[in-house]
Amino acid sequence: MTEENSGFEEKPDVPSGATPDGAEPKDASSSPKEEEAAPAGDAVETVGLTAQLDQVRTALNERTGDLQRLQAEYQNYRRRVERDRATVKEIAVANLLSEILPVLDDIGRARDHGELVGGFKSVAESLETVVAKLGLQQFGKEGEPFDPTIHEALMHSYAPDVTETTCVAILQPGYRIGERTIRPARVAVAEPQPGATPAAAKEEKATDEESGGGEEV
């Protein structure tokens, strides 16, 4: 007598990796979860790269700004050094020439008295040429208006023929280097005489009187 399995149907053994008949095997790489994860990972990576790029640009702008500030400070430093160097040189030359001014005064007096002759004349002219090359300039002339910033009045008088305070005599010439005055010109000045009519007004008045007198019959 054959023994039968009641209620049970014997099924063939199927390997664990096999699929049922008619069903296609599933590809692990095409899993929906993995397909969604791949684009999300790319987006995160892109955002991270963008953030890093922004940081690099910010750092570059900061370093560029620092470099520009350093260049500006260096240029300002160079200008200050050059200006200070020129000022120091000018002061040193002015101090040196200030010691030579009495010698130049003696040369001027000798020239005025006709005593600048022979070898003394040659030496004096050579000295004047040297100080001129160093930038020394002489100023102060008779008849020019008195300017207290460049003139020093040692004598004062009144004169009817001047309309303003005027230098009528140069007692000692002034000297300057560029815009720096080493010594003001020492002068004698004359002011208009109080209550006196200036010479020009007198001449104009006389002319008017002569014209009027000629018209009278």
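Among contacts in the protein chain between residues at least 6 apart in sequence, what percentage join residues at least 24 apart? The figure is 65%, where contact means heavy atoms within 4.5 Å.

## Basis of the model

This is a predicted model, in which local features need pLDDT of at least 70 and side-chain atom pairs count only at pLDDT 80 or more, whereas totals for chains, interfaces and linings use all residues. Residues are numbered from 1 along each chain as its sequence is written, and side-chain values use heavy atoms, with hydrogens and water left out.

## Overall architecture

The secondary structure of the protein chain comprises three helices and six strands. Their order along the sequence is α-α-β-β-β-β-β-β-α. Helices (H or I, at least four residues) and strands (E, at least two) are DSSP runs, numbered from the N terminus.

Of the 217 residues of the protein chain, 14% count as buried. Buried denotes under 20% relative accessible area, exposed over 50%, and partly exposed in between, with a 1.4 Å probe and protein chains only. The chain exposes about 17,200 Å², and carbon and sulfur atoms supply 53% of this area. Accessible areas come from the Shrake-Rupley method with a 1.4 Å probe; for residues, only the protein chains shown count as cover.

## The three-stranded sheet

Three strands form an open sheet in the order β1-β4-β5, with antiparallel pairing. Because β1 (136-139) and β5 (180-183) stand at the edges, each with a single partner strand, one side of each is left without a neighbour in the sheet. On average, neighbouring strands of this sheet are turned by 35° against each other, direction ignored. For such angles, axes are lines fitted to C-alpha atoms, for helices over the stretch in contact, and angles run from 0 to 180 degrees between N-to-C directions. Strands of a sheet pair through backbone hydrogen bonds, either parallel or antiparallel.

Two strands are taken to pair if DSSP finds at least two bridges between them. Four bridges join β1 to the antiparallel β4, and Q137 has R176 in β4 as its bridge partner. Strand β4 (residues 174-177) is in turn joined to β5 by three bridges, again antiparallel, with I177 opposite R180 in β5. A hairpin is formed by β4 and β5, with two residues between them. In its turn, G178 has a positive phi of about 65°.

## Helix α2

Helix α2 (residues 118-133) has 16 residues and reaches 23 Å from its first C-alpha to its last, close to the 22 Å expected at 1.5 Å a residue. The expected span is 1.5 Å times one less than the number of residues. Just after α2, G135 adopts a positive phi of about 100°.

## Nonpolar cores

The largest nonpolar core has 13 residues, and those with the most contacts inside it are L97, L101, L104, L136, I177 and I182. Such a core is a set of buried Ala, Val, Leu, Ile, Met, Phe, Trp, Tyr and Cys residues joined through side-chain atoms within 4.5 Å. The elements that give two or more residues to this core are α1 (32-112), α2 and β4. Helix α1 gives the most, with six residues.

Leaving out residues up to four places away in sequence, I182 touches A94, L97, S98, L101, L136, Y175, R176 and I177.

## Individual positions

V93 is found in helix α1 and is buried, with a relative accessible area of 18%. Beyond its neighbours within four places in sequence, V93 is in contact with L134 and I177. The C-alpha atoms of V93 and L134 are separated by 7.5 Å, although these residues are 41 residues apart along the chain.

D105 is found in helix α1 and is also buried, at a relative accessible area of 8%. Not counting residues up to four places away in sequence, D105 touches Q172, P173, Y175 and R183. P148, by contrast, lies in the loop between β1 and β2 (151-159) and counts as exposed at 60% relative accessibility. Its C-alpha atom is separated by 8.8 Å from that of P184, 36 residues apart along the chain.
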